[in-house]
Protein chains: 2
Amino acid sequence: MVRSAGNGAAERVPLSRDRVLRAAVAVADAGGIAALTIRSLATELGVKPMSVYHYVANKDEILDGIVDLVFGEFELPAAGGDWRQEMRRRAASARRVLRSHPWATPLLQSRLNAGPATLRHHNAMLGALRAAGFSVEQTAHAFALIDSYLYGFAMSETALPIHGPESVADLAGSMMQRFSAEEYPHLVEFTMEHIMQPGYDFGAEFDFGLDLILDGLARSLPADGAAAPGVRPVE
Amino acid sequence: MVRSAGNGAAERVPLSRDRVLRAAVAVADAGGIAALTIRSLATELGVKPMSVYHYVANKDEILDGIVDLVFGEFELPAAGGDWRQEMRRRAASARRVLRSHPWATPLLQSRLNAGPATLRHHNAMLGALRAAGFSVEQTAHAFALIDSYLYGFAMSETALPIHGPESVADLAGSMMQRFSAEEYPHLVEFTMEHIMQPGYDFGAEFDFGLDLILDGLARSLPADGAAAPGVRPVE
DNA sequence: GCACCTGTCGTACTAAGTACGAGACTGTAT
DNA sequence: ATACAGTCTCGTACTTAGTACGACAGGTGC
């Protein structure tokens, strides 16, 4: 077995943990997470399956690794400055990243072993909220609320079969044939009057919810033109 | 072995699609979704693997089926009555169900073929919101917001390794050793001053977020003691 | 030249999904 | 009863995937 294949330095890039993980992301991007197998990964890398195991212990470690790569793509919120704007910027970037890696959202929350990029991200979120004036406890509330919404929305969004307005309408139309108007009247109404309307875009719902959440959180901040924590202006 | 129709012999329950799906839920509950294989399912049912295929076309159909079973466990919100209370009741029930089937949350959103219980549930949600006075468009906002939050939160919650206060604190403690206070100062602060405090319970965050969201949505309702849509009482 | 380390790979075992078709069982018509 | 036909169950076996084990090649220091 001769592996000469050239004396030029250009082509033979040695394997590395980083190359393995990046190739894994590429395979998952191309064919979904189910298409990511040790064998498909090896093919992508131009090596044989067992070579991969020199850089990762097992497939789970690959999954943990690509989750951290994805977190690494999120823009970090800055501490200081307009905290709402920082939250919006980071959320928009996260949503963009998760849309470009549709397989990632379920993985993000199901993996436990946080990598360095993940820790950096969480740390930046906490720092930005604390700098905005939230107490530790309020920060816990805010973090849980914002990220639950973000990941939950990203899940719904990436679970949609194809993206783009018209494909959703098509899907809705074909689903409509399966359920009758008598059994599910509100579903029918909703589909006809909303989803199948021209220009419908589920992704557009995101900003409404995020702004509502940020407004609500702002109300619990003492010095933001709103009432004191725990007291709402009108009841 | 005799299966006479009509009298006696209650022992040999014949297989059925329903029994197959319920057994699948039981296997997943006991060992996680990864433990659900055609073979483990057959063992649970006391039959051989290939017998299962008489009732389902393939494993994907089993996954779709158990998702619909889970949706069937959600309490449906009633149309009319106090809509916020209905939303709270249904959300609490959903959270309870998802905690009792920790494997379910990622599945719920990743499966496309909605079953009858799923459609009934969505229909009830839409109906309750419409009856509360939300327009079709506002209903879309509300539904997307509430459910993104609900599923996102459920994901975080069930991704936690073990439930109960002290186990989380233990985990946090062991994770603390992996990252230094210089690199992740806010993560350290947060862990020390919040997560590791006695009585910490992540699940308790849920109500804060849900109430904030429902309050925000109530503000967009004309006749609810709040201002007109788009105008907040205090700024 | 030699022992040695490192990275790559050949072989092979195990687990899992499932196609194919045989065989067993049950109710029904003769 | 007997034979048939439909329904259900299962034995066998093929395919894909994860990965343990150890061989082998090329480079490195002595």
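Helices (H or I, at least four residues) and strands (E, at least two) are DSSP runs, numbered from the N terminus. With that in hand, chain A has 10 helices and 0 strands, and from the N terminus on its elements run α-α-α-α-α-α-α-α-α-α. This is a predicted model, in which local features need pLDDT of at least 70 and side-chain atom pairs count only at pLDDT 80 or more, while totals for chains, interfaces and linings use all residues. Residues are numbered from 1 along each chain as its sequence is written, and chains are lettered from A and ligands numbered from 1 in the order in which they are written.

- Two residues are in contact if their C-beta atoms, placed from the backbone, lie within 7 Å; among contacts in chain A between residues at least 6 apart in sequence, 62% join residues at least 24 apart.
- Chain A is divided into domain 1 (11-67) and domain 2 (82-218), with bounds that come from an automatic or database domain assignment.
- The C-alpha centres of domain 1 and domain 2 of chain A lie 29 Å apart, and the contact takes 9 residues from domain 1 of chain A and 7 residues from domain 2 of chain A.
- On the side of domain 1 of chain A that touches domain 2 of chain A, α1 (17-31) and α3 (59-73) of chain A each supply at least two residues, and α3(A) gives the most, with 4 residues.
- That side of domain 1 of chain A has 5 nonpolar, 2 polar and 2 charged residues, where Ala, Val, Leu, Ile, Met, Phe, Trp, Tyr, Cys and Pro count as nonpolar, Asp, Glu, Lys and Arg as charged, and the others, Gly among them, as polar.

**How chains A and B meet**

- Chain A can be laid on chain B with an RMSD of 0.0 Å by a turn of 180° and a shift of 0.0 Å along the axis, which is the relation of a two-fold axis; the copies are superposed by least squares on the C-alpha atoms of residues with pLDDT of at least 70 in both.
- The same surface serves both copies, since 96% of the contact residues of chain A recur in chain B.
- In this interface, 47 residues of chain A are in contact with 46 residues of chain B, and the elements of chain A that give two or more residues to the side touching chain B are α5 (104-110), α6 (116-131), α7 (136-159), α9 (185-195) and α10 (205-219).
- The most is given by α7(A), with 17 residues, and by class the side of chain A that touches chain B has 26 nonpolar, 15 polar and 6 charged residues.

**Helix α10 in both chains**

- The 15 residues of α10(A) should span 21 Å at 1.5 Å a residue, and the end C-alpha atoms of α10(A) are 22 Å apart, which agrees; the expected span is 1.5 Å times one less than the number of residues.
- Among the buried residues of α10(A) are Phe206(A), Leu210(A), Ile213(A) and Leu217(A), and what covers the buried residues of α10(A) includes α4 (83-100) and α7 of chain A together with α7 and α10 of chain B.
- In chain B, the buried residues of α10(B) pack against α7 and α10 of chain A together with α4 (83-100) and α7 (136-159) of chain B.

**Two single residues**

- Ile195(A) lies in helix α9 of chain A and counts as buried because it has 20 C-beta neighbours inside 10 Å.
- Not counting residues up to four places away in sequence, Ile195(A) touches Val168(A), Ala169(A), Ala172(A), Phe190(A) and Tyr200(A).
- Ala78(B) lies in the loop between α3 (59-73) and α4 of chain B and counts as partly exposed, because it has 16 C-beta neighbours inside 10 Å.
- Leaving aside neighbours within four places in sequence, Ala78(B) is in contact with Glu86(B) and Ala128(B).

**The surface near DNA strand D**

- Of the 16 residues around DNA strand D, Thr37(A), Ile38(A), Asn58(A), Val47(B) and Met50(B) come nearest, where a residue is near a strand if its C-beta atom, placed from the backbone, lies within 6 Å of it.
- The residues of this surface divide into 9 nonpolar, 4 polar and 3 charged.

Definitions and conventions
Buried ≥ 20, exposed ≤ 12 C-beta atoms within 10 Å, placed from the backbone.
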